[in-house]
Structures are given as C-alpha cells and as structure tokens.
Amino acid sequence: MTPQPPPEPRNVDGETRRVGVEIEFAGLPPRETAELVRELFGGEIETLSPHRLKVVDTRWGVFGIELDTQYAHPDQTVVDAEAAGDSEWERMRLDFHARTRELIGDVVTGLVPTEIVCPPVPWDELEELDALFEALRTHGAKGTDASLLYGFGLHLNPEVPSLEVESLLAYLRAYLLSAAWLREQIHVDITREVLPHANPFPRAYALRVLDPDYAPDLDTLIDDYLADNPTRNRELDLFPLFAHLRPEHPHELLSDKLVKARPTFHYRLPNAQLSEPGWGAVTEWNRWLEVERLATTPETLAERSAQFLARHRPSAPRRWLTRLRRWVSRR
C-alpha cells in the first residue's frame, strides 16, 4: 500500500512533514525486537536497562523499544539520587533496585506489551517503515485481536502543517466530525473501547468547538481543551502539541513527564492489527488523511459542522441551563 499525499505536505519550516509511529504488541521481547529493527534499518543497539533499549544511528534516527510498564525499568529519580553518593551501602541499594526491576520485567514479559517508538519518518517513506510490521508478524508478534486481554494500539504523530490557531482549530473540528467514521473503519477493538486509552471527546465539547461563533485565540483554545478534557486518554490527544506551543503553561497535565512536547497531533485510535496481512502505518495514515482533507476544505467543513449542530445541539432552554451550571461551577 502506498501512502497518499496530504493536502498540506510541508511543515512550518517548508520541509516534508514527518510522522512518528508507536506500536504495542505481545509475543516478542524488547531485545529480540531491537535486533529486528537493527536488521531492517541499520544502526546500533544501546541497552539502557534489561527491558529498555534503543537502536541509534538508523536512517531516520532513534528507535525506542521497551516493556510498556514503568515497574520493569529503574526509577530514574531513585537512580539519580543514589548515584549521587559513593558509599558502599548506597551502591548496594542501587544494585538491589536495578535487579528488582529487572526481575519484575522478566516476570511480566508476555503479560504487558512491548512498545516501539519509531523516530519521525517523512510521510512519503512510511511504506518503507511498514517492513517493520511485516517482520513483527513473521517473528510472532501478536496484535490487538490475538486476545481479549490485549488492548494494544498504534499511534500516529503527524507533524502539524501550521502552528496558527485557525489551522489547529480547523483540524480539531475536522477530527470531531470524522471520529465516528474512523471508529467504524477501524472497528475499534472492544477491549480498547472499554479501556480508557482512546476515549471519545465529550459531546458538549464538540458542540462548543463546532459552533461557528467559536473563534478562540491560542490560549483560549488550550484552556478550553484542558477544562473539558483533563486527560491524556483522548482519541486525538493534543497535550504534546499544546506543551510544545506553551511550555510555561501552569496546568500540571502539560508538564506531566509522560507528555512529550512536540509539534504534532497525537492520534491514538487505531488498533494494532498485526494479524492482518498488509496492515501497517500506511493503512492508518491513509485513513487519517480524511481528517486532513476535511480540515483544508473550509466550505465542506462549515457545512458538516452545521449539520452536526442541527442533529445534536440541545434546545434553547437546555443550552441556557447548561450555561447557568457552568457559570455557577466557576464561582
């Protein structure tokens, strides 16, 4: 499958937009996964801890591979604090901590997923990255539908084409209007529907954003998003983008260590369909482009927004009551 071109193929610096890809799976531990990545894309393996590795100096940059649980890795705050001392007791404690985390990783391997965080790849080279998905399949990696316990996902992080608030708002509106179609096309796994990792946006927030009179500046857009979506677990997570745009924002969620500031949309909806031949990043990129096409067609975007509002907006008395409750809650 060939990646389709986006309507806006260049980033804010005029370069080809890149896409970060993350995937979770079972059946292949981090060490074997890192060796597979090196075979495909070159580079060298660096071991950060027994269950966390990097493949550096590949054609695109650094691949991160690890068991997706913090308890399988040394706690950096503990390591840094104890490494500061040089007593024999502190060295023993540090060694005990590292060995304990390694043992936990050994025990949970196969129960928690391995995760690959790929470096940003130009959108027109995603087909070459898909060799990784075929190799994972061949080497026994298991995706979302291999077990009812597997709530694994694939995340795309497309670079934004513009940092202007008007553009960001158009893409957000387009996503809100496309979300139901995307869920239908992807057939989001029931386990992932139950788990909170890719929750839909609240209806009230969609109604606010799709209102033609909603014309926020960037700070208002961010604050409204945080007020109605105080969680990373949205199908389209904007925390990384907002943390990049406003690194000094006081909200604690934007400074969370799990939020990696970057000028991208963090699209969390797709399953990890490793059992499906031919499936990969290109499949989900091509689906995502329905959002981008709608975002860059203002007339269609306005028309579909009006249709959504006509179907879902509450009556005038209910709107008045909602505004009254919001006003009371803020006092």
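Mentor: Two strands pair if DSSP finds at least two bridges between them. Keep that in mind; this is a predicted model.

Trainee: How many bridges join β1 to strand β6?

Mentor: β6 covers residues 121-122, and the two strands run antiparallel. A pair needs at least two bridges. The number joining β1 to β6 is two.

Trainee: Which residue is the bridge partner of V19 in β6?

Mentor: β1 spans residues 18-25, and V19 is bridged to β6. Its partner there is V121.

Trainee: Over how many bridges do β1 and β7 pair?

Mentor: The sense is antiparallel here.

Trainee: Which residue of β5 stands opposite E24?

Mentor: β5 takes in residues 114-117. β1 pairs with β5 in the antiparallel sense, over four bridges. Opposite E24 stands E115.

Trainee: How many of the eight residues of β1 are buried?

Mentor: Buried means under 20% relative accessible area. Strand β1 is mostly covered. The number of buried residues in β1 is seven.

Trainee: What share of the residues in the chain is buried?

Mentor: The chain has 331 residues. It holds 13 helices and nine strands. Buried residues make up 48%.

Trainee: Now helix α9. Which elements do the buried residues of α9 pack against?

Mentor: α9 runs over residues 218-228. Its buried residues include L218, L221 and Y225. The elements they pack against are α6, α8, β8 and α10.

Trainee: With which residue does the side chain of D219 meet in a salt bridge?

Mentor: Side chains of opposite charge can pair when their charged atoms come close. For D219, the gap is 2.7 Å, N to O. The partner of D219 is R246.

Trainee: How far apart in sequence are the parts that D219 and R246 tie together?

Mentor: D219 lies in helix α9, and R246 in the loop between α10 and β9, so the pair ties separate parts together. D219 counts as partly exposed at 35% relative accessibility, and R246 as partly exposed at 30%. The parts are apart in sequence by 27 residues.

Trainee: Take E193 and R183, which meet in a salt bridge. Is R183 buried or exposed?

Mentor: E193 in helix α7 meets R183 in helix α6, so the pair ties together parts ten residues apart. E193 counts as partly exposed at 38%. R183 has a relative accessible area of 16%, and the limit is under 20%, so R183 is buried.

Trainee: In which helix do E284 and R287 lie?

Mentor: Their side chains meet in a salt bridge of 2.9 Å, N to O. Both residues are buried. They sit three residues apart, about one turn, in helix α11.

Trainee: How many salt bridges does a search of the whole structure find?

Mentor: The pair E284 and R287 is one of them. Others share partners and join R59, E125 and E128 into one network. The total for the structure is 16.

Trainee: On to the rings. How many aromatic pairs are there?

Mentor: A pair of aromatic rings is described by the distance of the centres and the angle of the planes. Rings count if their centres lie within 6.5 Å. The count is 15.

Trainee: Are the rings of F201 and Y205 stacked or edge-to-face?

Mentor: F201 is buried at 10% relative accessibility, and Y205 is buried at 0%. Their centres lie 5.9 Å apart, with 25° between the planes. Planes under 30 degrees apart are the criterion, so F201 and Y205 are stacked.

Trainee: Where is L148, one of the residues making the nonpolar surface patch?

Mentor: L148, I190 and V194 make a nonpolar patch of about 360 Å². L148 is exposed, with a relative accessible area of 68%. L148 sits in the loop between α5 and β7.

Note on methods. Residues are numbered from 1 along each chain as its sequence is written. This is a predicted model: local features need pLDDT of at least 70, side-chain atom pairs count only at pLDDT 80 or more; totals for chains, interfaces and linings use all residues. Side-chain values use heavy atoms; hydrogens and water are left out. Patches are made of residues with over 30% relative accessible area and no salt bridge: like charges are joined within 9 Å, nonpolar side chains (Val, Leu, Ile, Met, Phe, Trp, Tyr) within 5 Å. Accessible areas come from the Shrake-Rupley method with a 1.4 Å probe; for residues, only the protein chains shown count as cover. A salt bridge is a side-chain nitrogen of Lys or Arg within 4 Å of a carboxyl oxygen of Asp or Glu. Buried means under 20% relative accessible area, exposed over 50%, partly exposed in between (1.4 Å probe, protein chains only). Contact means heavy atoms within 4.5 Å. Rings of Phe, Tyr and Trp (its six-membered ring) pair if their centres lie within 6.5 Å; planes under 30 degrees apart count as stacked, over 60 as edge-to-face and the rest as tilted.
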